[in-house]
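Colleague: I am new to this structure and would like to learn how to read it. Please take me through some of its features.

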Amino acid sequence: MTQDSALLPAPKAIPHEGPNEALRDGSNSRKVFIKTYGCQMNVYDSTRMSDALARDGYEPTDDMEEADLVLLNTCHIREKAAEKVYSALGRLREMKKKKAADGREMMIGVAGCVAQAEGEEILRRAPAVDVVIGPQTYHRLPEALRRAKQGQRVVDTEYAIEDKFEHLPIAESRKIRARGVTAFLTVQEGCDKFCTFCVVPYTRGSEVSRPVSQIVEEAEKLAEGGVREITLLGQNVNAWHGAGPRGEAWSLGDLLYRLAEIPGLARLRYTTSHPRDMDDRLINAHRDLRALMPYLHLPVQSGSDRILKAMNRRHTAAEYLALIARIRTVRPDIALSGDFITGFPGETDKDFEDTLRLVEEVRYAQAFSFKYSTRPGTPGAELKDQVPEEIKAERLERLQMLLLKQQQEFAESCIGKEIDLLLEKPGRMPEQLIGRSPWLQSVNVDAKASQIGDIIKVRITGTGTNSLFAERAEAAV
Ligand code: SAH
Ligand code: SF4
Ligand code: F3S
């Protein structure tokens, strides 16, 4: 799962048509600006919060200046990510003051994993914040805002007993359509794995799977709204489990077979997977389901057994490689992606060389790599032999050079191939669209805006910095 902290405007939404408190008040409708940091699960949550707020008359805006509510949906995965939130809150405090001087109120809310991890501490460090709300209580956000309006400073970071998804509205078809032809759908929350470097089990709580009926209903609504590709999300998505129609135990593989039956839904993906939870049913789904895209994000973190053990990943490098070999046997064209950490406590040059060797062996199409960041409260933070920053950085650079080379080699290997392209959005030039390849690459091709949502045959003709170029396969004949 990527955590490139992204500045995303509030998901576009058409204002809700139902009862609207702001309009009832006679005031203009209110505006919310949502800034999303962190992984795709946060992106998904921001959409759901936006929908819940629409019911209360909040329209999304991508101009912070006009916002009545600024919501930061935060990430706690590495130190830098958390610090970014506090510096953003410093700037927001000034903006709030300036608006107040003009007689305008601006509320500030902090959601996401920093909210969960820091709770009250945020109110102490950032006096301008009105609401702190953890990832499992978003359905209570409108209520928290009402209390904040009455002058309370609200912290709601309980792990709610009720299921937040049951209480969050699914957007109506028109709104889904306005958001595009690809969508995320969280099927699983939290994590029970407790890797020793990671905050997620503490910020998202223990592992919970959403029931099949809820997921199918949401996927059907998305498909009815024109969505052609759904990415199922979970921090440990392949640990998802549920019950089929006769009460039989289902794993993620079974769920994918079911979702592949939904009319209109052409493509399925899932992320992020743990190597320990890749069962046969899921591997076979890659063999059997046309809709399941040949792309797998399967983080390994390190190629050294000693470090994998210290990280509590619960598998060896050889087991990971054997798993990749099995997956490649059933789906030879699968593109692999991974996550890596350099400089975990105790990592020696030899351990790092093992990581490079593993990377050489796997040949990744795409990868994310990070310097180890000490997270207070995790077992890794207590370990002796913390690796100096310069060494972490040096190793990261070497690793990234290798990964980048593999990424380019993968992109170049696509030249000349004829592929299915899902046309997704307008390109930079008129009459050009950007589509998605089965391997999650952005591909530029000449096509009309009316074709967005179509899947067409193209031939890859070249590579750019972060994208590919293609021509229509028919035109090339
Ligand atoms: N659940 C996923 C990953 C979740 S976090 C998995 O098990 O693979 C996403 C990535 O952030 C991790 O794969 C890891 O590479 C990185 N990461 C997590 N904690 C980190 C830390 N303390 N320092 C550096 N990178 C970290
Ligand atoms: Fe973090 Fe490990 Fe859980 Fe992934 S599996 S979220 S790295 S604890
Ligand atoms: Fe970050 Fe929380 Fe996602 S810590 S990576 S936003 S689960």
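Colleague: How do the residues of the lining of the second largest pocket divide into nonpolar, polar and charged?

Modeller: First, the ground rules: this is a predicted model, where local features need pLDDT of at least 70, side-chain atom pairs count only at pLDDT 80 or more, and totals for chains, interfaces and linings use all residues. Residues are numbered from 1 along each chain as its sequence is written, and side-chain values use heavy atoms, with hydrogens and water left out. Ala, Val, Leu, Ile, Met, Phe, Trp, Tyr, Cys and Pro count as nonpolar, Asp, Glu, Lys and Arg as charged, and the others, Gly among them, as polar. Here the lining has 6 nonpolar, 4 polar and 6 charged residues.

Colleague: Why does Gly190 count as buried?

Modeller: Buried means under 20% relative accessible area with a 1.4 Å probe, protein chains only. Gly190 counts as buried because its relative accessibility is 0%. Gly190 sits in the loop between strand S8 (188–189) and helix H9 (200–203). Its C-alpha lies 9.4 Å from that of Gln136, although the two are 54 residues apart in sequence.

Colleague: Which residues of H10 are buried?

Modeller: Val212, Gln214, Ile215, Val216, Glu218, Ala219, Leu222 and Ala223. In general, an α-helix has 3.6 residues a turn, so residues three or four places apart point the same way. Gly226, with a positive phi near 95°, follows H10.

Colleague: Which residues touch the most other members of the largest nonpolar core?

Modeller: Such a core is a set of buried Ala, Val, Leu, Ile, Met, Phe, Trp, Tyr and Cys residues joined through side-chain atoms within 4.5 Å. In this one, of 55 residues, they are Leu232, Tyr270 and Tyr364. H10 supplies the largest share of this core, 6 residues. A second, separate core has 25 residues, including Phe33 and Met106.

Note on methods: Chains lettered and ligands numbered in written order. Buried < 20%, exposed > 50% of the residue type's maximum accessible area, 1.4 Å probe, protein only. Helix = DSSP H or I, 4+ residues; strand = E, 2+ residues; numbered from the N terminus.
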